[in-house]
Amino acid sequence: MKYLILVVFTLLIPFLNNFVFAENEFSIETLLTHNVTSVTYNPDDENMYAAVFFDRIATINSTTNNVTNIIKNLEVNPYEISYDPVNSALYLFGAPMSLLTSNISIIDSKNNNISKTFRIYSDNENSFTSQLLSDIAYNSNKSMYVINPWTHSVSVIDTSTYNVIKDLPIPRVDALTFNPSNNYLYVAANGIVYVVDSSTNVVIKKIPIEGVPEYLIYK
């Protein structure tokens with residue numbers, strides 16, 4: 001009986017979520033009372049985009065700070081929303097609610113729709129999916145770099161096909177960033193910063209550091 005109750009409750013979650021949002025979902029106040037998992041800024045339209053657990057994306061006018069649009073019923077748990085400055089693209093990373101997989105969805109910011117979705121990873125070890133895609137970097141060669149805890153590596157994704165073309169075997173990655181002035185990717189992992197030549201995706205140097213950094217930022 002307890003299993004039946006659990007299944008019924010799981011099926012009701014999207015409906016309950018719609019009910020909670022229904023009255024004032026176009027206000028910042030309502031948005032902030034929910035679990036905002038990630039935000040990004042799109043300089044093309046000067047809007048902020050917020051991924052909201054369970055299944056929404058909120059578009060926020062950066063001039064007025066008003067919520068202007070809600071993209072609903074994504075059918076995924078949104079983990080990370082990110083603007084790709086190289087391809088001028090807006091991406092949503094998430095996993096279907098019933099599957100231990102990870103998808104990347106392309107968001108058309110002109111009509112606020114998900115235009116296409118690709119499956120990136122599939123979990124064979126029942127890993128905890130919210131750890132996926134905790135950091136994302138883009139290089140000038142139109143590649144995307146994401147932390148992949150399932151394979152203990154940094155995955156290189158070709159943004160022309162959205163296929164994983166290589167896994168850089170760097171264990172226990174904490175953060176990464178890209179330096180456009182030298183086209184190097186910097187990956188912090190387990191007391192070392194790895195310097196990766198993004199033209200070859202080969203580690204060319206290891207820099208020892210103390211402590212465990214949470215972020216790497218190029219400025």
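Modeller: Let's start with contact, which means heavy atoms within 4.5 Å. Please keep in mind that this is a predicted model, where local features need pLDDT of at least 70 and side-chain atom pairs count only at pLDDT 80 or more, while totals for chains, interfaces and linings use all residues. Residues are numbered from 1 along each chain as its sequence is written, and side-chain values use heavy atoms, with hydrogens and water left out.

Colleague: Which residues is I170 in contact with, leaving aside its neighbours within four places in sequence?

Modeller: I170 touches H152, S153, V187, A189, Y194, V196 and V203. For the chain as a whole, take the contacts between residues at least 6 apart in sequence: 37% of them join residues at least 24 apart.

Colleague: How do I read a nonpolar core?

Modeller: In soluble globular proteins, nonpolar side chains tend to be buried together. A core here is a set of buried Ala, Val, Leu, Ile, Met, Phe, Trp, Tyr and Cys residues joined through side-chain atoms within 4.5 Å. Buried means under 20% relative accessible area, exposed over 50%, and partly exposed in between, using a 1.4 Å probe and protein chains only. The largest core has 15 residues, and I170, L185 and V187 have the most contacts inside it. At least two of its residues come from each of β10 (143-148), β11, β13, β14 (184-189) and β15 (192-197). Another core, of twelve residues, lies apart from it and includes Y91, I104, F118 and I157.

Colleague: What share of the chain's residues is buried?

Modeller: Buried residues are 44% of the 219. One of them is N179, at 10% relative accessibility. Contacts of N179 beyond four places in sequence are with Y184, Y186 and Y218.

Colleague: How many helices and strands does the chain have?

Modeller: There are two helices and 16 strands. Both are DSSP runs numbered from the N terminus: helices are H or I with at least four residues, strands E with at least two. N179, for example, belongs to strand β13 (residues 173-179).

Colleague: And how are strands arranged into a sheet?

Modeller: Two strands pair if DSSP finds at least two bridges between them. Five bridges join β11 (residues 153-158) to β12 in the antiparallel sense, and V156 stands opposite K166 in β12.

Colleague: What should I look for in the aromatic rings?

Modeller: Rings of Phe, Tyr and Trp (its six-membered ring) pair if their centres lie within 6.5 Å; planes under 30 degrees apart count as stacked, over 60 as edge-to-face and the rest as tilted. That rule gives three aromatic pairs. Y91 and F93 are edge-to-face, because their ring centres are 6.4 Å apart and their planes are at 70°. Y91 is buried at 0% relative accessibility, and F93 is buried with a relative accessible area of 1%.

Colleague: Why is the pair of Y91 and Y138 tilted?

Modeller: The planes of Y91 and Y138 are at 35°, with centres 6.3 Å apart, so the pair is tilted. This pair links distant parts of the chain, with Y91 in strand β6 (residues 89-96) and Y138 in strand β9, 47 residues apart. Y138 is buried too, with a relative accessible area of 10%. Ring pairs join Y91, F93, Y138 and Y162 into a cluster.
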